[in-house]
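Okay, let's get going. Have a look at this one with me, and I'll talk you through a few spots.

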Amino acid sequence: MALQLHNTLTQRKEEFVPALPGEVRMYHCGPTVYSSPHIGNFRTFLLADLLRRFLEDRGYRVHQVMNVTDVGHLTNDADEGEDRMEIAARREKLDPWKIARKYEDEFRECLAKLHFRVPHEIPRATEHIAEMGAIIQDLLRKGHAYQVPSGNVYFAIESFPGYGKLSKKVIEDLEEGYRVEVKGEKRNPKDFALWKVDPKHIMQWDAPFAGGVRGFPGWHIECSAMSMKYLGPNLDVHTGGEDNLFPHHECEVAQSEAHTGRPPFARYWLHVKHLLVDGKKMAKSQGNFVTVQQVLDKGYSGVELRYALMRVHYRQTSNFTWAGLDEARTALNRVRESRGRVARIATGREPAGPDDLAPEIARADAAFTTALEDDLNTSEALAAVFEFVRVLNKARPSVAGADAARRAFARFEDVLGCLGSEPPPSEVLGRAVLQGGAGLEAGASAVPAEVQTLLAQRQAARKAKDFAEADRLRDELARRGWKIVDTPQGPRLEPA
C-alpha cells in the first residue's frame, strides 16, 4: 500500500504524491520562543519528525523547514492583544531579543534530547522581515491588502473567494472572537493584519514596503514568507497543531495564494490533536503545565518521553500522565531486553539455535510498514514491534537470524526514534559523570578512554552552541553502546 495521509484540505485520506517525483518539501509551524517548550508543543513537532523519518525510509529526498516565531504572535492569536515576546521580556526583565535566543536554545536542546532529526532550516521570523515586506508590497499592488491612516496593513478577505476552504469555516459563521473591529479601521472586521504599527512595541523595523510606517509583522505573514523562501511557492506538506488551523493556517493559505496566484499553497495539510494532561487541557492556571525539562528532571529519558507522546495516533486526543511515562519505561525495557538477547546471539556471546527468523522478520516488517502507510498509525506500528518482541522471546535464533533481527530493530528505531539504541552485547560496568567539563568521577575506569573523550567533546560542543556537532557526538556514543543522561549536575554516561 502507498502512503496514505489524512488531508485537512480535503477532509479525507489520500495517497501521498509529491509535486516532484522522489522529492518532498515540508514546512512545520515551530515554537513561539517566549517560554520553555511544553510537551504539547512536542507532540505536534514529533509528527513532523516521524513523517520525515518515514519518507526518508521510503527513499524520498526531504527538505524540511520548521520556523521560530520570535515576534508578532499576539496573545489571542489574532490582531489584538500583547506580543508574547514582550510579555516574557517584562516578566524576566530581559529585552525580547534575549528572551528569544534563550528559549530558542532550550528548544534546540529539547530537539536533541527527544532524538529529533534537526530540520534543514530553522528560520527566525525576525531575520525575514524583507521577505515579508515583498509579499505585503505585492498584495497591496494587487488589491488584496490595504493600508489605513494608522499605518496598519490588512489583508482584505473579500478579495480572496477561497477564504475558509482549509478550515471549512463560512465567513458569516466565523467565531465571535474574530468579529472585533480594530479601532473601526478595518473595511471588514474579519480582515487580518499583515503589518502592525504601535509606538509602544519594543521590536520594530522600518517598513519593508513602499509608503509603510515603522512597525512589526503580523503573525500569519511570517510563515508564508519563510516557507516560500526556502521551499518555493508550493509546498508538499504543511503540519501544525489543530489550534493552528484557524485563523493561522487559513490566513497563510489566503495571503500565499493571493500573492503567487499558484494554488494550492500546500498539497497536504496534517493537524495534530490536543494533548491533555491528566484528562484536562494543559494550562498554567490548572497547575498541569508540563515542560520537557520538568519531565527530564524527574529522571525520565528523552526516549521515554518521545514514546509516551507518540504511542497514540496523531489525529486522536492523547492524555499524558506520569503513570504513562512509567508504562513507557517498562515497554521500552522489554524491547531493550529482546534487542540485547539477539545482539548477544549474533556476536557469539550466547548460544544460537536453529531459527533463521526470515518469516517472522518479514511479517513484522510488513506489519510495521503497513501501519505507518495508513496515515502514520504509530499505535499499530508499535503493536507490530511488540508482537515481534513476543515472537523473538519464544524463538531460538540462529546467528544469522539474530543478526537479521538486529537489523529489523534498527529500522524500527530509525523510523520511530523512540525505542532507544541497541544495548551492547556484553555487560558494561560502571557509570561516569562529567562535572562541568572537569573530568569523570570515580567509576570511570570502566568507561573506555575514547568514550570519555567523546563525552568531553560533546559537552564542549554544547557550550559552544554547536548543536549539530553535539548531535553527531551523541549518536557516535550511542553507536558505541553508551547513553547520555543529562542531570542538574551534568551529563551522565550509562550503558545503553
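So, the largest cavity comes to about 100 Å³. By cavity I mean a set of points on a 1 Å grid over the protein atoms alone where a 1.4 Å probe fits but cannot get out, with lining residues having an atom within 4 Å of a point; the volume is the space filled by probe spheres set on the points, which are joined across faces, edges and corners. This is a predicted model, so local features need pLDDT of at least 70 and side-chain atom pairs 80 or more, while totals for chains, interfaces and linings use all residues. Numbering runs from 1 along each chain as its sequence is written, and side-chain values use heavy atoms, without hydrogens or water.

Who lines that cavity? H1 gives the most, with four residues, and the lining includes Arg43, Leu309 and Tyr314. Helices here are DSSP runs of H or I, at least four residues, and strands are E runs of at least two, numbered from the N terminus.

Now the sheet: three strands, open, mixed pairing, in the order S12-S11-S13. S12 (280–281) and S13 (318–320) sit at the edges with a single partner strand each, so one side of each has no neighbour in the sheet. Helix H1 (residues 39–57) packs on that sheet, touching S11 and S13, where contact means heavy atoms within 4.5 Å.

Last stop, the loop between strand S3 (23–28) and H1, where you'll find Thr32. Is Thr32 buried or exposed? Buried, at 15% relative accessible area; the cut-offs are under 20% for buried, over 50% for exposed, partly exposed in between, with a 1.4 Å probe and protein chains only.

Terms used. Two strands pair if DSSP finds at least two bridges between them. Axes are lines fitted to C-alpha atoms, for helices over the stretch in contact, and angles run from 0 to 180 degrees between N-to-C directions. On a 1 Å grid over the protein atoms alone, a cavity is a set of points where a 1.4 Å probe fits but cannot get out, and a pocket is an open set with protein on both sides within 12 Å along at least five of seven lines; lining residues have an atom within 4 Å of a point.
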